[in-house]
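This report describes how the parts of one structure meet one another. The sequence and the structure are shown first.

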Amino acid sequence: MSILQVERLSIAFGGVRAIDDVTLSVPRACVFSIIGPNGAGKTTLFNLISGVYRPAAGRVLLDGVDVSGFAPDRLARRGLSRTFQNLQIFFRLSALENVMVGRNRHETTNVIQDLLHLPAVRRQNRATREAALAALARVGLEADADKPAGSLPYGAMKRLEIARALASEPQVLLLDEPAAGCNPVETGELDEIIRAIVREGVTIVLVEHDMRLVMNISDRIHVLANGRTLTEGSAAEVRSNPAVVEAYLGTHNARGRAVA
Amino acid sequence: MAEFLQFLFSGLTVGAVYALVALGFTLIYNASGIINFAQGEFVMLGGMTTVFLALAGVPLPLAAVLAVVAAVAIGLLLHRFAIEPARGADTVTLIMITIGASIFLRGAAQVVFDKRFHSLPHLFGTDPLRIGGAAILPQSLVVLAGATVIVVLLWVFIDRTLFGKAVIATAANRLAARLVGINTGHMIGFSFAISAAIGALAGILVTPITLTSYDVGTLLALKGFAAAMLGGMGYALGAVVGGLLLGLLEAFSAGYLSSKYKDVVAFLVILAVFFVMPQGLLGRAKVERV
Amino acid sequence: MARLIDSRYTPLVAVVFVALALPLIFPSPFYYRIGALVFIFALAVIGLNLLMGFAGQVSLGHAGFLGIGAYAVAIGPTHLGLPSWFCIFAGAGASALVAYVVGQPILRLKGHYLAVATLGFGLMIAIVLTNEAGWTGGPDGMSVPRLVLFGWPVHGSKAWYWVAAGTLAVGVALALNLIDSPSGRALQAIHDSEVAALVLGVRVARKKLGVFVISAVYASVAGSYLALLNGHITPDLAGFMRSIELVAMVVLGGMGSIFGSLVGAGVLVVLPQALTGFHDYEHMALGLIVMGFMILLRRGIVPTLGAALAGRAP
C-alpha cells in the first residue's frame, strides 16, 4: 500500500485555483518527484500535504489514515516532515542545536524537569545531542556542528534543514528544492544523501528544478501545470511526453531548457 | 429610546476621536510598518497648545492653527531624529522608540504647560439640543462634522492627487515604490506630519467636551491602536469603522452594563473579534508564504 | 571576556558576586533599598525575557501579573487572615492559572495583534484592581502587612536586599536551566520560525503557553516582593506604564540575554533614582533614555557589548 495518498485536493487563493483536483499516490521507500514550471503549485501542494494550509476540498492519507486538516505538528508526530524552499533556519541557534530541535518530538522531559535541570534532562540532552550529531553526519555537516546556523553557506543550510527533518525520524520527508544554490559537486552529494535516506526506508517526496537530479533519482515523477496534474510516470515516460516539454517551454521559463 | 439615542451620540462622539487616532496609526503604519505609540500625544498637544495660546491672549482660531502647526513640527522632528536613525530595527525596538517619544512628550508637556485639567470654549455654546428626548451637546456635532470633513479631505487627497497615489504605492509595496522612484523616506515623514495634524485637530475638537491634560495621550493611543486593529490594521476605512465601533461599545456598555467596566467590555469584544476574524473586521486574510 | 559572557552559568555567578560585593561599596543603608528594587525588577524582567527574547512573544501587559502578586500579599493577610509567605505562593499560583487560561486564546495571535491583546489584558487587571475598592482600596491602594518568616519579621531594606538577591539567584538558575533544555531549544526555534518548529513536531501552542505561565510566575513573585518591600501598593503597579517599563528593561538590556535583563533592570531602576533631584524632568529624561538606547544600541546593551568584545578578540 502507498504511504502517502492525495485525493482530489484543491485550494484557491483569491479566486485563483492554486491546486485544482490533484490526485497522487506515493509508494513506500521511493523517491517521488513533483515537477512543473514556476507557479505550477508545487510548493502549495507541499503546504497542503504538510498541513501548513488547509485544503478547500479533497483528502490526504498518511499510511492509510485520513489526516486532512491536521496541524503540521500533529502530522510531524505521525511521521511527516519537510524542508522549505525559502529557508526556515533557526538563526539564533547553532547548526547542531537546529538539528536538536528536530529531536523534540522524541524528547520526554517535561517543562518542570527542564527548569530544574534534573538528571533526566542531562541524559536527555546527551541523547539528543548524539542523535543530532548522527543526523548532521548523514548530510556531511558534522564539522560545522558548533557554527551559528546563519553563518553557513546557502547550500549547507539546505542540507541542515534535511538533517533537522531527519532527526525527527520521519516516514515521509518532503524536500522543497534541496539543490537550489548547489554547485554540481554538491548536487552530486545531495543525490547520494537522498539515496541513503531512501535505503533506510524513508519515503522522499521531492520538488526540484534541477532536472538532471530529478531524472536520475526519481522512481516516479508527477508533473503539475497551473495547479493541475499534467501527467505522471517514470523519468523516461515524462521526458518523452510532448505535453511536458510544451508546458515548460510555453512559460518562458529559463530553467525549462533542462527538460529538453 | 431617549437613553439609547443619548448613548448613541456620546458613543459616536468619542468614537470619532478614536477613529481619528486610529487613522493616524494607519497612515504611519502603511508608510513605514511602524506602530506609533506617540499618536495620542499629538491629540494632547493639539488640545493643550490651543488652551495655553488662548490663555496667552492669542485669538482662538489662530491658536488652533498654531497648535496644529506645532504638532506637525513635532511629528516631523520625531520622524527625523527618532524614526529615521532607527531604520531597519525590529518591531519591538521601533515600538519602544515611539513609546519613549510618548513618555518624553508627556514629560515635556508637564514642564511646558502644567499638570491640571483644561477646557476650551464650546463653539456653539453649551445649551444641549433635544433630539428624540436625548440631550446632545452642539460640540458633539462639531466633533462629528469635523471628523467627517477630515476623513473626506484625506480620502480626496489620497485618491485624487499624485502625491496620494505615491502614498498608496508605498503602503502596498515599499520596495517596489522605491524602485519606481518614490522617495519612501519622504513618504514616511509626510505620514508623520499628516498623522500629527489629524491628532491635533481631534484634540482641539474634543477638548471642550472631555477636557485635556498633559497625560490624556496614553489612553487615547491605546484605544486608537485597538480601534485600528479592530478595523484591520492598514485599512483607513477599517480605522474609521473600528474607532466608531469602539466608541459605541464603550458608551453602550457604560450605559447598560457598568460604567466602571466599560473598557473591559470593549476589550473583550475586540479580543472576540480577533479570534473569529484574525485580520480585523475589514482586513484581508494574509496567506503565510513559506 | 566574550567567552565569559557566553558561558552558561556566568550570569548566576555574576548575580551572586554583585549581591555580595555591592554592600561593601554602599555609602548608606538607603542603597540597600535600591539594590533590592533592582533585584526584584530583574526577576520580573528575566521572566519576561524568557517570553519575549527567547520565545519571541511580546507582552505589553505583564505588569498585570506584578499586580496579582502584589495584591495577593496585601489582600490575603488583610482580608482572609492568611500568612504572607503563603500568599506569595498563592499569588504565583493565581498568576499561573490566569496566564494558563488567558494564554490559550491570546497566544494564538501574532505580532501587533498579540501586542494589543496583552495590552488589553494588563489594562483589565488594572481596572479590576481600581474598581473593586472593597477588596483593594481602589485608586488609593492599600497597605501591605509585613512578612514574617519562621517568627522573624522581614522588614527594612537590608533584609529585603538579601531575600531579593537569593530569589533572583534562584530565578536566574532556573532560567538558565530552561534555556539549555528541550523546552528552551523549542522556544528559541519558535522565535525564529514557527512553521519550521511545527513541521518538526514541536507542540508550539503548548510551549508558548508554558513559557507564558513561567513568565507570569516570575512577575507575580516580583510583584509580591515589591508590595512587601514598599508596604503600600496602588493599582499603578499593574498599569500600562509599568508594563512598558518591564519591556523597556528587557529590550534595553538585550532580548534573549539573561545578563542583559539584570543590566536593563539596573539601568532603569537606578537612573530615575539618580534623577529624583530633577523631579519635573524625570519623564522627559526617561523618554530620552529609552529612545536613545533603542536608536543607538538597538540590540540591547549586553549583546552589543558582547559583539564588540568578540569582534576585538583574536
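Two residues are in contact if their C-beta atoms, placed from the backbone, lie within 7 Å. The model described here is predicted.

**Domains of chain A**

Chain A is divided into domain 1, which covers 1–79 + 170–260, and domain 2, which covers 92–165. Between the C-alpha centres of these two domains of chain A the distance is 27 Å. In the contact between them, 13 residues of domain 1 of chain A meet nine residues of domain 2 of chain A. On the side of domain 1 of chain A that touches domain 2 of chain A, at least two residues each come from α2 (72–77), β7 (172–176) and α7 (184–199) of chain A. Of the elements on that side, α7(A) gives the most, with four residues. The residues of this side of domain 1 of chain A comprise nine nonpolar, one polar and three charged.

**Chains B and C**

The contact of chain B with chain C involves 37 residues from chain B and 33 residues from chain C. On the side of chain B that touches chain C, two or more residues are given by each of α4 (91–112), α9 (217–231) and α11 (262–276) of chain B. The largest share of this side, 15 residues, belongs to α4(B).

How do α4(B) and α12 of chain C pack, and at what angle? The helix α4(B) and the helix α12 (residues 240–253) of chain C have axes 11 Å apart and an angle of about 130°. Angles over 145 degrees count as roughly antiparallel and those from 65 to 115 as roughly perpendicular, and the value for this pair therefore makes α4(B) oblique to α12(C). The crossing in which α4(B) passes α12(C) is left-handed. From α4(B), the residues B:V92, B:T93, B:M96 and B:I99 make the contact, and from α12(C) the residues C:I244, C:V247, C:A248 and C:V251. By class, the residues of this contact of α4(B) with α12(C) are seven nonpolar, one polar and no charged.

**Chains C and A**

In a further contact, 25 residues of chain C meet 34 residues of chain A. The elements giving two or more residues to the side of chain C that touches chain A are α8 (156–179), α9 (182–192), α10 (194–199) and α11 (204–230) of chain C. The largest share of that side, nine residues, comes from α9(C).

The table sets out the classes of residues on two of the sides between chains.

Methods:
Residues are numbered from 1 along each chain as its sequence is written. Chains are lettered from A and ligands numbered from 1 in the order in which they are written. This is a predicted model: local features need pLDDT of at least 70, side-chain atom pairs count only at pLDDT 80 or more; totals for chains, interfaces and linings use all residues. Axes are lines fitted to C-alpha atoms, for helices over the stretch in contact, and angles run from 0 to 180 degrees between N-to-C directions. Angles under 35 degrees count as roughly parallel, over 145 as roughly antiparallel, 65 to 115 as roughly perpendicular and the rest as oblique. A crossing is left-handed if the near helix is turned anticlockwise from the far one by less than a right angle, and right-handed if clockwise. Ala, Val, Leu, Ile, Met, Phe, Trp, Tyr, Cys and Pro count as nonpolar, Asp, Glu, Lys and Arg as charged, and the others, Gly among them, as polar. Domain bounds come from an automatic or database domain assignment.
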